[in-house]
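I opened this structure for a first look and kept short notes. The entries are in the order I made them.

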Amino acid sequence: MTGKLMKYELRSMLRTFLPLWGAILVVALLNRCTLQIESLRDWLGGVPAILMMVLYVIAIIAIAIVALVFMIQRFYNGMLKDEGYLMFTLPVKTSQLIWGKCLSATILTFVTSLICLVSVMILVVNNDLIHEMQELFSSFNATVMYYSNGLEIPAGFMPQAILLMLVLGVACIIAEILHAYLAMAIGQLAGKHKAGISILAYILISMALSTVTSSFMASNGFGIGNLLENVSWLEDVGMTGGLWLFFGFNILVAVLQIVIFYFPTNALLKNKLNLE
Amino acid sequence: MEENLIVCTGLQKRFGNAAALRKVDLTVGRGKIVGLLGPNGSGKTTLIKLLCGLLQPTAGEIRIDGQAPGPYTKSIVSYLPDRMYFADWMTANDLMDFFEDFYKDFRRQKAEAMCAALGLQMNQRIKTMSKGTKEKLQLILVMSREAQLYLLDEPIAGVDPAARDFILDTILGNYNENGTVVISTHLISDVEKVLDEVIFLKKGEVVRQDTVDHIRETEGKSVDALFREVFRTVPYGEYMPHPREWDCAAHAPEKLEPPARAENQEGGDAQ
């Protein structure tokens, strides 16, 4: 059932985002032309080329804002306003409704980030860069690399690092989306000013969490600064061990946040739903 | 299959300090058309929302086909809310896909035939439809399910008489005859002829549940007349208006309690 919910969620998202993604790529391509082709770059004193670059920057900022607004609006309008009368009477569990929305929004954010990355590649890619990338990728399988401080980077380190970074990235996206959902689930409890109270709830949750996290970090010497200053632990566990420790810890924190945000959201929507 | 479709015991719902439903005990069987009647604010919508699982009771219990509201009961309940619940971007076709995906008892051919009879374009966006068309489409979707329980919240409020006929004909012509239809309304004269049973809700309590035939036999009057009697409120500054002047007793200010003789609840088995 979650899959079916996602199908309709993604369908509604793609209607808006396919044109936006296309526009970003086209603008990036046009910029590539104005950057590469001299006659175009200097055409009319270079003004069109500059405008084109401004347009690209605006487009990137705009798609980020639209994605954020869309994520919030799909939950707020789609669950807590009139559409909620349809969604909450479907023969599915509340948890499936939440995950249907959340995973769709995660996919949307992930693909949008990917499209932005591709658009940057379109802008800057050239033979040198491709060559460097090839070298970088081939070095992944090299047995050992030495850095000035004597730490050795074993083979397979970089692919693992990229994989862990992706996992952490996705976990953080999910956590942030559920953070917003929880705030809205709290906001809908109010009779009036639901949106305002949602925003307030979001801020209060952030403040509470950052207070807890920072006091925990400080008291346990887990701060990033501490970790980097004190590299001797890296010698004990090795670079790969350190990588897994660092990312493992951060992924665990993100998963903890997911748990903290998800269960109250589910309970509130299940037991305290207050549709307008 | 349970013998009784709906069983509510000691059902209460409070919103803060205000009680929307106070201790409702109710049993509704199968294969009936039931009118849930009461003035605005009597708790009709709250009861329906509890039955379809949009609200959780403060106290007491609901069983639909023997189960508490959840995914199973939602799969056998077809609910028509008192508002539009569509996503604007969808077309009629998308909605059919949606209903077909989520409700096993949805009869798509029937729904499409009804849309065709209305001249409704399947690929038209909901956004571009008129309010009346949207309401009809929503009713068609709800009535194209072979549900065991239809919960219709004010289906005929705020529409013109022609549309009212269309709505009632659609309901009567399409419901699953082994199922039960619950219609909440305060426009009794329009639905009276189709009802088998009525439930009178007053200030969150069931003041009478009876069959229409029994009411006519024992009271010697129509349900509409009985409703006006049960819910009559004396307006401030006047004394006993003629009932006909009170086309909608429901909207009378409730500043004064009606005189005791207006509270005709004889034989009212508030079960």
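This is a predicted model: local features need pLDDT of at least 70, side-chain atom pairs count only at pLDDT 80 or more; totals for chains, interfaces and linings use all residues.

Residues are numbered from 1 along each chain as its sequence is written, with chains lettered from A and ligands numbered from 1 in the order in which they are written.

Entry: helices in chain A. I looked up helix H1 (residues 2-36) and helix H5 (residues 94-124) of chain A, whose axes come within 9 Å and cross at roughly 15°. Axes here are lines fitted to C-alpha atoms, for helices over the stretch in contact, and angles run from 0 to 180 degrees between N-to-C directions. H1(A) is therefore roughly parallel to H5(A), a term for angles under 35 degrees. I counted 20 nonpolar, seven polar and three charged residues in the contact of H1(A) with H5(A).

Entry: strands in chain B. Strand E1 (residues 6-15) and strand E2 (residues 18-28) of chain B run antiparallel and are joined by seven bridges; strands pair if DSSP finds at least two bridges between them. Val7(B) has Thr27(B) as its bridge partner in E2(B). The hairpin of E1(B) and E2(B) has two residues between the strands, and Gly16(B) takes a positive phi near 65° there.

Entry: chain contact. I found 18 residues of chain B in contact with 18 residues of chain A (C-beta atoms, placed from the backbone, within 7 Å). On the chain B side, the residues divide into 12 nonpolar, three polar and three charged.

How values were computed
Two residues are in contact if their C-beta atoms, placed from the backbone, lie within 7 Å. Ala, Val, Leu, Ile, Met, Phe, Trp, Tyr, Cys and Pro count as nonpolar, Asp, Glu, Lys and Arg as charged, and the others, Gly among them, as polar. Helices (H or I, at least four residues) and strands (E, at least two) are DSSP runs, numbered from the N terminus. Angles under 35 degrees count as roughly parallel, over 145 as roughly antiparallel, 65 to 115 as roughly perpendicular and the rest as oblique.
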